[in-house]
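Please read the following report with the sequence and the 3D structure at hand.

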Amino acid sequence: MHRPAPCMRLSHYPINTVKEIPSEAELVSHQLMLRAGLVRRTAAGIYSWLPLGLRTLRKVEAIVREEMDRAGALELLMPAIQPAELWQESGRWSEYGPELLRIKDRHQRDFVVGPTHEEVITDIARREIKSYRQLPVNFYQIQTKFRDEIRPRFGVMRAREFVMKDAYSFHADERSLAEGYALMRLAYTRMFQRMGLNFRAVQADTGAIGGNASEEFQVLAASGEDAIAVSDADDFAANVELAAALPPAGARPPPGASLQRVSTPGARSIEQLGSTLGVPPARCLKTLIVAGSEGAPVALLLRGDHELNALKAQKLPGVASPLRMASAAEVQAATGCEPGYIGPVGLTGLGIYADHAALALADLVCGANEKDAHFTGVNWGRDLPEPAAADLRNVVEGDPSPSGHGRLRIVRGIEVGHIFQLGRRYSAAMQAMVLDEAGGLQPMLMGCYGIGVTRIVAASIEQNHDERGIIWPEPIAPFHVVLVPLNLQKSPVVRAAADALYAQLALAGIEVLYDDRDARPGVKFADAELLGIPHRIVIGERGLAAGTLEYRHRRATDSEDFAQHAALDFIRGRLQR
């Protein structure tokens, strides 16, 4: 016998749905969460979760918790308010930036409202773990975080306050860290599969957290902020910023034109140059001047239709990190020419890197280092020396996959999880040491694993909706079934049948939202679709007279009738699909 499931009568629910699209909401998920009464804005980037929204949030949390426990992680709860001393120890007090909300208590002592908990967990580990024999261990929590975003937007997708699952593992050696990382990768995969989400794990940059290897888990959606390169032949996936652009196959064509200087008045951009000379951007060369790490600027050469990849460029010897474009004055001082007309022919006194695709060009067009002038028919080796080759660009649709299999597609994604191999970034800085097998003290190795729990709810809606409203994946829907009786207040027969079915489903452990409001059928149907409950049962006098009820899945366009006496078995069958 099932324990009765949590159910709800809509007549007891005081939160109203909204027909109009809220003016402040840009993303579909933000619009639908407000319209469906899942959340309400309290302040910029700060939201209250109302009962229906909280039910989905708790279901996401439950799946996360079950898979973390299954992977052997230990749940704890760390304070949201953290002392500044820990952040000063790690060095992030001065590094983190304005997103770190700093506060003072009545004694004028400095604290932060935690955006993450590396420092606190490292402090716990150095107090509790003394020997390699106590390792490995993985601690996790599900807790509210705060990041003071300069421009909070998109509802809970980019809020200042949010719920996050963050986990931190500690290890005695690299092999153990790699094993712990792989275990978390598998746990995350199971989580998102159980939530019914279409997702990819992608290679990612470690960002402000620091450390070595990292991967993001991206929910695929057209509205996603992140561009992801995926192979059409295997499971390769990486953020566009990290995907390697392979050198073009085959030899560079031989020169076919002579070098000529041409007048190009006002042609500062690749688009203007192409229009003036009638050449496609792919035959043009753009020369970007960036700040150098040792004083002198550096020239970066790319094909005109390609985009500079800052993460790749700033890792090159001699290039400043973080990458900074040279100012107009710096460009003039380094090249003797104003920006817009710079080219590599005759360019001296600064380092030069050329992207592989740019080096594959023959008879190219580039700046002549003179205002309103460009060169045509430029060829490497003949008209200028071969510069150092590098991967400088973002990959584009159709590029060969770095995996060696297939071609790349560019899709959009919403980051909902991120896993890192931190190494000793925090343990060394904060002296989190253990005795190793030889009796010596070594800083522990760490892994870090985050999931944006509130963001998952919004990302799910971005991936699962239509013009009528939300379409919840069943595992995280606030209710399994919405029960829609027609003319309930006027028909004792309909009321009796609806009340009986409501009780029967609840007793069987099926979560039911019972629309017992005194409202027109059109209003009830519109709200059922807006709320996105997966299974809808309609009870009307005509159907009851024939011994039938009406069923429709939220993704379906047509309804079907089924026998009233077999309602429980029918719904159970649909829930198991």
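## Strands and their pairing

Two strands are said to pair if DSSP finds at least two bridges between them. In this predicted model, strand E6 and strand E7 (residues 110–113) pair in the antiparallel sense over 4 bridges, and Ile103 stands opposite Phe111 in E7.

These strands belong to an open sheet of 3 strands, which has the order E5-E7-E6 with antiparallel pairing. Its edge strands are E5 (81–83) and E6 (101–104), each of which pairs on one side only, and the twist from one strand to the next averages 40 degrees.

## Aromatic pairs

A pair of aromatic rings is described by the distance of the centres and the angle of the planes. The count of aromatic pairs comes to 10. Among them is the edge-to-face pair of Trp87 and Tyr96, with 5.6 Å centre to centre and 85 degrees between the planes. Trp87 is buried, with a relative accessible area of 0%, and Tyr96 also counts as buried, because its relative accessibility of 15% is under 20%.

Tyr188 and Phe217 form a tilted pair, 5.3 Å centre to centre and with 55 degrees between the planes. This pair links distant parts of the chain, since Tyr188 lies in helix H6 (residues 174–194) and Phe217 in strand E11 (residues 214–220), 29 residues apart. Both Tyr188 and Phe217 are buried, and together with Phe192 and Phe199 they form one aromatic cluster.

## Charges over rings

Which ring does the charged end of Arg102 sit over? That ring belongs to Trp93, and the charged end is 4.5 Å from its centre. In a further case, the charged end of Arg55 sits over the ring of Phe479, 4.2 Å from its centre.

Notes
Residues are numbered from 1 along each chain as its sequence is written. This is a predicted model: local features need pLDDT of at least 70, side-chain atom pairs count only at pLDDT 80 or more; totals for chains, interfaces and linings use all residues. Side-chain values use heavy atoms; hydrogens and water are left out. Helices (H or I, at least four residues) and strands (E, at least two) are DSSP runs, numbered from the N terminus. Axes are lines fitted to C-alpha atoms, for helices over the stretch in contact, and angles run from 0 to 180 degrees between N-to-C directions. Rings of Phe, Tyr and Trp (its six-membered ring) pair if their centres lie within 6.5 Å; planes under 30 degrees apart count as stacked, over 60 as edge-to-face and the rest as tilted. Buried means under 20% relative accessible area, exposed over 50%, partly exposed in between (1.4 Å probe, protein chains only). A charge sits over a ring if NZ of Lys or CZ of Arg is within 6 Å of the ring centre and within 35 degrees of the ring normal.
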